[in-house]
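Please open the model in your viewer and keep the selection tool at hand. The stops below say what to select next and what is there.

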Amino acid sequence: MSNVLLSSDSNELHERVLEASDGACVALAVGDVLESAPADLIARAGQSSLPDVVVLDATDNPEHALGLAARFDLELPGTGVVLIGDPDALAIAALRVGARDVLPPDVDADLLRSTLERVHAAVRVRRGAAGDNAPHTIAAVPAKVITVLSPKGGAGKTTIATNLAVGLARTAPGSTVLVDLDVQFGDVATALGLEPEFTLEDVVHGAALRDPIALKTHLSLHDSGLSVVCAPESPVAADSVTPDQVGALLSMLAMQFRYVVVDTAAGLEPRTLAALDQTTDPVLLTTFDVTGARGLRKEVDTLRELGMLNNARQVLLNFADSKSGLSVSDVEATIRTRVDITVPFSRAVTSSLNTGTPLVLQRPRDPVARQLGQLIVHFSGIRASGSRR
Ligand SMILES: Nc1ncnc2c1ncn2[C@@H]1O[C@H](COP(=O)(O)OP(=O)(O)OP(=O)(O)O)[C@@H](O)[C@H]1O
Ligand SMILES: [Mg+2]
């Protein structure tokens, strides 16, 4: 039986691939796949292992499908790609990008089944030749390192980081770690109701930076399944944590977790810049007012200079208020990029902080929790109900 990832908007094709793969098929809409990296697609599909075969519907946008097939060939050679489209028009181009076959859109389930089996067999040989017979677990997929930044203090970084991390942790056991990089005054432990045995200080000075097992034993565990590196108890101890150690810690965590969420101190201090070096997905946050927007503009400009203002980034406006005299498009004009999510004011946020229970767990229907749910879906591709995009 082949484990298949299908990208198509056709329900009929989905049903035929399901039949041909004996139900071992996860489907994503073509729109969700555009401009995504192969590793992102796999994580978004929520599969626990790499697919044996990826079926890409190339009928509407063959160039995009060919580009994605080429990336799979280079980045995840342990999967085989089959294109759906006009075989006469696509065969040569498909060969060039390393796709295994092109099947017409009206292909029947029998031909699909034999093609999936043939491609799966070829992929097994390729994996074996690479000396790679280990199960292709999701750990083979590069992690997302998601760093929450804001130009000024009190904008809601810890609120966003803790809720996002707990939400991601619930999508798969052992998938997520949260690092409190607000080394002086970090309050992730308070927000999660944790009393850590070890903190960032112990983690970077002990054996944990050299030994993955020691590292795991230094993490605090939240009831949601989230692992946490809490900030040092004393602001003085914070000085002993260097940017290089931060970089080493994040790259080690990225080898062991699917999602590494980083809460930061306000602004771009050296440890935050070290985290940005490892970051795949920055989350920029500011308050919904003129000074907040101006601060955000500087931060956006910095990320632009660092080449990090890509599609992966998310821009959030917190404390959004329609009566503030400011509109989202005003802010977008100031920062010269789009705002992705607005988060309203809600008293429930502070009470969740005071009781040490993240809002997405305590009050999932609260308007703030719903907006944060959008952020969780953006990164995981999995809706809270368990249904997938
Ligand atoms: N959308 C919101 N509605 C109501 N209160 C909020 C909202 N977002 C954050 N808060 C409250 O604002 C305060 C600051 O939030 P938080 O600690 O998350 O910000 P921060 O950016 O991490 O701050 P710091 O820079 O000090 O670390 C907290 O009391 C929090 O409960
Ligand atoms: Mg904070």
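In which sense do β11 and β12 pair, and over how many bridges? The pairing of β11 and β12 is parallel and runs over 5 bridges, where two strands count as paired if DSSP finds at least two bridges between them. Helices (H or I, at least four residues) and strands (E, at least two) are DSSP runs, numbered from the N terminus.

Before going further, please keep in mind that this is a predicted model, in which local features need pLDDT of at least 70, side-chain atom pairs count only at pLDDT 80 or more, and totals for chains, interfaces and linings use all residues. Residues are numbered from 1 along each chain as its sequence is written, chains are lettered from A and ligands numbered from 1 in the order in which they are written, and side-chain values use heavy atoms, with hydrogens and water left out.

Select residues 281–287, which make up strand β11, and you will have a mostly covered strand, in which 6 of the 7 residues are buried. Buried here means under 20% relative accessible area, exposed means over 50%, and partly exposed lies in between (1.4 Å probe, protein chains only).

Now select Thr-147, which is found in strand β6, residues 144–149. Is Thr-147 buried or exposed? Thr-147 has a relative accessibility of 0%, so it counts as buried. Its side chain is joined to that of Thr-279 by a polar contact of 2.6 Å, a polar contact being a pair of N or O atoms within 3.5 Å, where within protein one must be able to donate a hydrogen and the other to accept it, and residues adjacent in sequence count only if both atoms are side-chain atoms. Leaving aside neighbours within four places in sequence, Thr-147 is in contact (heavy atoms within 4.5 Å) with several residues, among them Val-262, Ala-275, Asp-281 and Val-283.

Select residues 80–84 to see β4, which is joined to β5 by 3 bridges in a parallel arrangement; Val-82 has Asp-101 as its bridge partner in β5.

Then select helix α3, residues 38–45, where 7 of the 8 residues are buried, including Pro-38, Leu-41, Ile-42 and Arg-44. The buried residues of α3 pack against β1 (4–7), β2, α2 (30–33), α4 (62–75) and α17 (367–380).

**Stop three: around ligand 1**

Select ligand 1 and the 18 residues around it, of which Lys-157, Thr-158, Thr-159, Asn-318 and Pro-344 come nearest; a residue is included if one of its heavy atoms lies within 4 Å of the ligand. A backbone N or O atom of Gly-156 lies 2.9 Å from an oxygen atom of ligand 1, while a polar side-chain atom of Asp-182 lies 3.5 Å from an oxygen atom of the ligand. For Ser-346, a backbone N or O atom lies 2.9 Å from a nitrogen atom of ligand 1.

Most residues other than glycine have a negative phi. Select Phe-319 in strand β12, residues 314–320, which has a positive phi of about 60 degrees although it is not a glycine. Arg-336, in the loop between α14 (328–335) and β13 (341–344), likewise has a positive phi, near 55 degrees. Phe-319 is partly exposed at a relative accessible area of 35%, and Arg-336 is partly exposed at 47%.
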